[in-house]
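This report is intended for a reader who is meeting the structure for the first time. Please keep the sequence and the model in view while reading.

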Amino acid sequence: SALTAEQAMVSSLKKRKMITMKKSAWLAVMKGAKFSAQAKVKTETDITQELLQSNRWERTEFKAYNMTAEPQTAPVGVFHPLLKMRTEFRQ
């Protein structure tokens, strides 16, 4: 009964344009496992000759690769209009 009375009051106030309904969203941000107060060091994507020669590869963090990802398909080309015409003439 209290809920319906409250809903009736809200609808009455809406009709008289005394209140407006607004939606709001809240986010909670927490420190993750890789949180650091220092600036982030850029991760390397490729092993280069310079990394191998200077032994920097041992201390460098590398980007994780997804080895199970499907490769991109190459776009299929379109016949040049003159080549298309030439094949039509030959037929």
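## Salt bridges

In this predicted model, a search of the whole structure finds two salt bridges. One of them pairs E44 with R56, with 3.8 Å between the closest N and O atoms. This pair links distant parts of the chain, 12 residues apart. E44 belongs to the loop between α1 and α2, whereas R56 belongs to the loop between α2 and α3.

R56 also forms a salt bridge with E50, and here the closest N and O atoms are 3.3 Å apart. Through shared partners, the salt bridges join E44, E50 and R56 into one network.

## Exposure of the network residues

How exposed are the members of this network? E44 has a relative accessibility of 25% and therefore counts as partly exposed. R56, at 30% relative accessibility, is likewise classed as partly exposed. E50 has a relative accessibility of 53%, so it counts as exposed; the cut-off for that class is over 50%.

## Helices and their order

The protein contains three helices and zero strands. Read from the N terminus, its elements follow the order α-α-α. The radius of gyration is 32 Å, well over the 12 Å that the globule rule gives for 91 residues, so the protein is more spread out than a compact globule.

Helix α1 covers residues 2–15, a run of 14 residues. From its first C-alpha to its last, α1 reaches 20 Å, close to the 20 Å expected at 1.5 Å a residue. Just after α1, K17 adopts a positive phi of about 55°. Helix α2 comprises residues 49–53, and α3 comprises residues 81–90.

## Extent and surface

Along the principal axes, the C-alpha trace of the protein spans about 80 × 65 × 25 Å. Of the 91 residues, 2% count as buried, a class that requires a relative accessible area under 20%.

The accessible surface of the protein amounts to about 10,100 Å². Carbon and sulfur atoms account for 58% of that surface.

## Charged side chains

How many side chains of each charge does the protein have? There are 16 positive and 8 negative side chains. The centres of these two sets lie 17 Å apart. Among the charged residues are the partners of the network described above, E44, E50 and R56.

Conventions. Residues numbered from 1 in each chain as written. Predicted model: local features only at pLDDT ≥ 70, side-chain atom pairs only at ≥ 80, totals over all residues. Heavy atoms only, no water. Helix = DSSP H or I, 4+ residues; strand = E, 2+ residues; numbered from the N terminus. Rg over C-alpha atoms; globule rule 2.2 N^0.38 Å. Buried < 20%, exposed > 50% of the residue type's maximum accessible area, 1.4 Å probe, protein only. Areas by Shrake-Rupley, 256 points an atom, 1.4 Å probe, with all protein chains shown as cover. Lys, Arg positive; Asp, Glu negative; His and termini not counted. Charge placed at Lys NZ, Arg CZ, Asp CG, Glu CD. Expected span 1.5 Å × (residues − 1). Salt bridge = Lys/Arg side-chain N within 4 Å of Asp/Glu carboxyl O.
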